[in-house]
Amino acid sequence: MTAHIWVRAENKANERRVALVPSDAKDLIAAGFTVTVEKSSQRAIAIEDFQAAGCAITEEFSWTGAPEDAFVLGVKDLPKGTEALPHRHIYFGHVFKDQPGWEHTLGRFASGGGTLYDLECLVDETGRRLAAFGYWAGYAGAAVATHVWIGQKQGNNPSLASVHDYPNRDALVAELSEALASIGEKPSLVVIGALGRCGTGATDLGEQLGLEVSKWDMAETASGGPFPALQQHSLFVNAILAAPGVPVFVGPEDIKASDRKLSVICDVSCDPESSYNPIPIYNRSTTFDDPVIRVLDQDTPLDVTAIDHLPSMLPKEASEDYSRQLTPVLMELGEPEEGAWGRAIEQFKKHTARI
């Protein structure tokens, strides 16, 4: 069985990713799927490439008028509103961990009879995610942390005024390498969650820049903290999701250490409003246009960066990688109550029932 996939434009500022790229759309069409793609004023991949792949092209943000049997595919959240949602939507909803606004968002689906298949809930029988942007989130997170450290060394306040996207990873690494060479020293980096997708990305960026990288995972954090050794690294990238049982890695008392070298924390997981936040020294996410929170303004400053769509720094590579992972799962959309899709809809039903 096949289905109609409607790829919507993203409305979030600086979000240039797409969940399905032209080459994979072409494979879906060859398998009998209908693929409609909205034009976009910010997507990193040209609409002409989708048209050449055989996709139907439609206007930006026209998904509200899509056929009711279509699956509306996006990356980040829908535009804010109160209108009921009758369609079946596929995107990262960020509503299943009691995030602010979760009841409102799920209420729109409940009142419209629609469904949210949250991309975070597309898992196999063991609970492992079938498609993830994690590698690129970690890679970009380590890059932002390095940018912030460079800004500190240059005496900038804020240490990083803004973040922008890059055509590819080579351009990003070249820019950072040149900046580090001009300073004449390099930071040390510790990554927690180094064995996962996200941590691997952060580690790879650090090693490509020639940084000293310490790789921490479950064995290194099994004691439950505190972790004074973290304070002896210049950069800390957190690649562990906030969840019950995760220890506090850096708390208010930890950063009072007189011998602290830690000056930049990148929280890739970016869940500051969660009661399980392992870095409870900041209380809001940051953005491309406002990427840094100055936590301590001392001889050794401490900045936190926590951007919730880091892979958009490398939108083309991140989109291609994610689409490659997601396409085999999309091929199963003809039976949306089965397999990974069935597991995702069970999560939706579970949380919608709480409204």
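**View 1. Leu73 and its contacts in the predicted model**. Leaving aside neighbours within four places in sequence, Leu73 is in contact (heavy atoms within 4.5 Å) with Ile5, Trp6, Val7, Arg8, Ala19, Leu20, Ile90, Leu326 and Leu330. Residues are numbered from 1 along each chain as its sequence is written. In this predicted model, local features need pLDDT of at least 70 and side-chain atom pairs count only at pLDDT 80 or more, while totals for chains, interfaces and linings use all residues; side-chain values use heavy atoms, with hydrogens and water left out.

**View 2. The largest nonpolar core**. A nonpolar core is a set of buried Ala, Val, Leu, Ile, Met, Phe, Trp, Tyr and Cys residues joined through side-chain atoms within 4.5 Å, where buried means under 20% relative accessible area (1.4 Å probe, protein chains only). Among the 93 residues here, Leu73, Met313, Leu326, Leu330 and Leu333 touch the most other members. A second, separate core of 20 residues includes Val190, Ile192, Phe236 and Ile279.

**View 3. Where H4 meets H6**. Look here for Gly134, Tyr135, Ala137, Gly138, Tyr139, Ala142, Ala143 and Thr146 of H4, which meet Arg197, Cys198, Thr200, Gly201, Ala202, Asp204, Leu205 and Gln208 of H6.

**View 4. Asp271, a buried loop residue**. Asp271 lies in the loop between strands S10 (264-267) and S11 (293-296), strands being DSSP runs of E, at least two residues. With a relative accessible area of 14%, Asp271 is buried. Setting aside neighbours within four places in sequence, its contacts are Lys97, Gln99, Ala242, Asn277 and Tyr282.

Note on methods. Buried < 20%, exposed > 50% of the residue type's maximum accessible area, 1.4 Å probe, protein only. Helix = DSSP H or I, 4+ residues; strand = E, 2+ residues; numbered from the N terminus.
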